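Colleague: I would like to learn how to read helix packing and strand pairing from a model. Can we work through one case?

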Amino acid sequence: MGFDFDSGIDSQEASYLISSVLWFSYITNMPIMTSKTTDKTYISDTGWGCMVRVGQMMFAEVLKRYRINNTENYPITIYRRGGNNLIKEFIEIIKLFLDKKEFNSIFSLRNIIDIAYQEFKIEPGQWHKPA
């Protein structure tokens with residue numbers, strides 16, 4: 001996480017730091033995704049979406065640190081002042097990654113899969129391996 005836990009952070013603050021990390025997981029019952037070359041459809045990314053989700057989590061963390069405060073101990077500062085503003089920022093960042101069509105989220109699984117197909121011919125259901 002980029003933090004030194006020996007630098008005077010107590011256990012409650014450390015717990016807050018850890019719980020402030022955005023976490024994206026598989027989704028079931030998502031809007032249907034259809035393969036571009038076959039008629040196979042998907043309503044879950046279980047088994048093939050893990051690398052996409054990891055990438056989303058890393059990018060969301062970057063956005064969070066940039067938008068909230070780029071100092072190395074921003075969550076502790078916010079924790080000590082009260083975290084209401086942090087929750088509002090989290091919501092705005094999470095909206096960018098939502099997998100529901102009506103939100104038209106720029107970093108949604110659907111958009112990433114569309115670009116993966118255009119650039120690399122990787123279809124829904126295919127595992128995205130690390131480069």
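**Helix packing**

Modeller: In this predicted model, the axes of helix α2 (residues 50–68) and helix α5 (residues 109–120) come within 11 Å and cross at roughly 115°. Because angles of 65 to 115 degrees count as roughly perpendicular, α2 is roughly perpendicular to α5.

Colleague: What describes two packed helices?

Modeller: Two packed helices are described by the angle between their axes and the distance between the axes.

Colleague: Is the crossing of α2 and α5 left-handed or right-handed?

Modeller: The crossing of α2 and α5 is right-handed.

Colleague: Which residues of α2 and α5 make the contact?

Modeller: On α2 they are Val52, Arg53 and Gln56, and on α5 they are Leu109, Ile112 and Ile113. Sorted by class, the contact of α2 with α5 has four nonpolar residues, one polar and one charged.

Colleague: Helix α2 also holds Ile68. Why does Ile68 count as buried?

Modeller: Buried means under 20% relative accessible area. Ile68 has 19% relative accessibility, so Ile68 counts as buried. For Ile68 and Glu89, the separation is 21 residues in sequence and 7.0 Å in space, C-alpha to C-alpha.

Colleague: Now the strands. How many bridges join β1 to β2?

Modeller: Strands pair if there are at least two bridges between them. Here three bridges join strand β1 (residues 28–34) to strand β2 (residues 41–44), and the two run antiparallel. Thr28 stands opposite Ser44 in β2.

Colleague: What do β1 and β2 form?

Modeller: They form a hairpin, with six residues between β1 and β2.

Note on methods. Residues numbered from 1 in each chain as written. Predicted model: local features only at pLDDT ≥ 70, side-chain atom pairs only at ≥ 80, totals over all residues. Heavy atoms only, no water. Axes fitted to C-alpha atoms, helices over the stretch in contact; angles between N-to-C directions. Helix = DSSP H or I, 4+ residues; strand = E, 2+ residues; numbered from the N terminus. Parallel < 35°, antiparallel > 145°, perpendicular 65-115°, else oblique. Left-handed = near helix turned anticlockwise from the far one by under 90°. Contact = heavy atoms within 4.5 Å. Nonpolar A, V, L, I, M, F, W, Y, C, P; charged D, E, K, R; others polar. Buried < 20%, exposed > 50% of the residue type's maximum accessible area, 1.4 Å probe, protein only.
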